[in-house]
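Biologist: I'd like to learn how to read cavities and charged pairs in a model. Could you walk me through them?

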Amino acid sequence: MDPIFHMIAGAPNPVAPFSHSTEADGWVFLTGQMPFSGTSVDEPYPEGITAQTHQVMKNLQTVLQGCGLTLANVLQVRVYLLHFERDYPAMNAVYAGYFAEDHRPARTCIGVNGLAKGALIEIDMVARR
């Protein structure tokens, strides 16, 4: 099966040359989303890790919905944090609210020294139809 390259209406515009998600054989790979509150990459981010985490999850849900999927289809998540020690507890508190306790994807969380446009957080996902 040929890969499918998804660009999702209503999702934030990419900050670099990539698709919102790609798909092959029922596997859907979502590009890391930033905390843009609209589609323009020039909009300011919400203040703080709590608001940015909610916005990133909202943006990921927009991409999932554009592919005909939901968070229930997500099998793996990677979280990138600019200030790992400071923001890890607050990010986890927000993140936990998006998945049922008995349906949490595998996850990796990584501290990084920079994210696009000065974001505090970026999250990518792998889902399966």
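Modeller: The largest cavity has a volume of about 70 Å³. On a 1 Å grid over the protein atoms alone, a cavity is a set of points where a 1.4 Å probe fits but cannot get out, and its volume is the space filled by probe spheres set on the points, joined across faces, edges and corners. This is a predicted model, where local features need pLDDT of at least 70 and side-chain atom pairs pLDDT 80 or more, while totals for chains, interfaces and linings use all residues. Residues are numbered from 1 along each chain, and side-chain values use heavy atoms, without hydrogens or water.

Biologist: Which residues line the largest cavity?

Modeller: Lining residues have an atom within 4 Å of a point. Among them here are Pro-12, Phe-18, His-20, Gly-32, Gln-33 and Met-34.

Biologist: How many salt bridges does the structure hold?

Modeller: A salt bridge is a side-chain nitrogen of Lys or Arg within 4 Å of a carboxyl oxygen of Asp or Glu. The structure holds four. One of them joins Asp-124 and Arg-78 at 3.1 Å, N to O; Asp-124 sits in strand S6 and Arg-78 in strand S4, 46 residues apart. Strands are DSSP runs (E, at least two residues), numbered from the N terminus.

Biologist: Is Glu-122 buried or exposed?

Modeller: Buried means under 20% relative accessible area, exposed over 50%, partly exposed in between (1.4 Å probe, protein chains only). Glu-122, also in strand S6, is buried yet has no salt bridge. Arg-78, the nearest side chain of opposite charge, is 8.8 Å away (Lys and Arg count as positive, Asp and Glu as negative; His and chain ends are not counted).

Key
Helix = DSSP H or I, 4+ residues; strand = E, 2+ residues; numbered from the N terminus. 1 Å grid on protein atoms, 1.4 Å probe; cavity = no way out; pocket = protein on both sides within 12 Å on 5 of 7 lines; lining within 4 Å.
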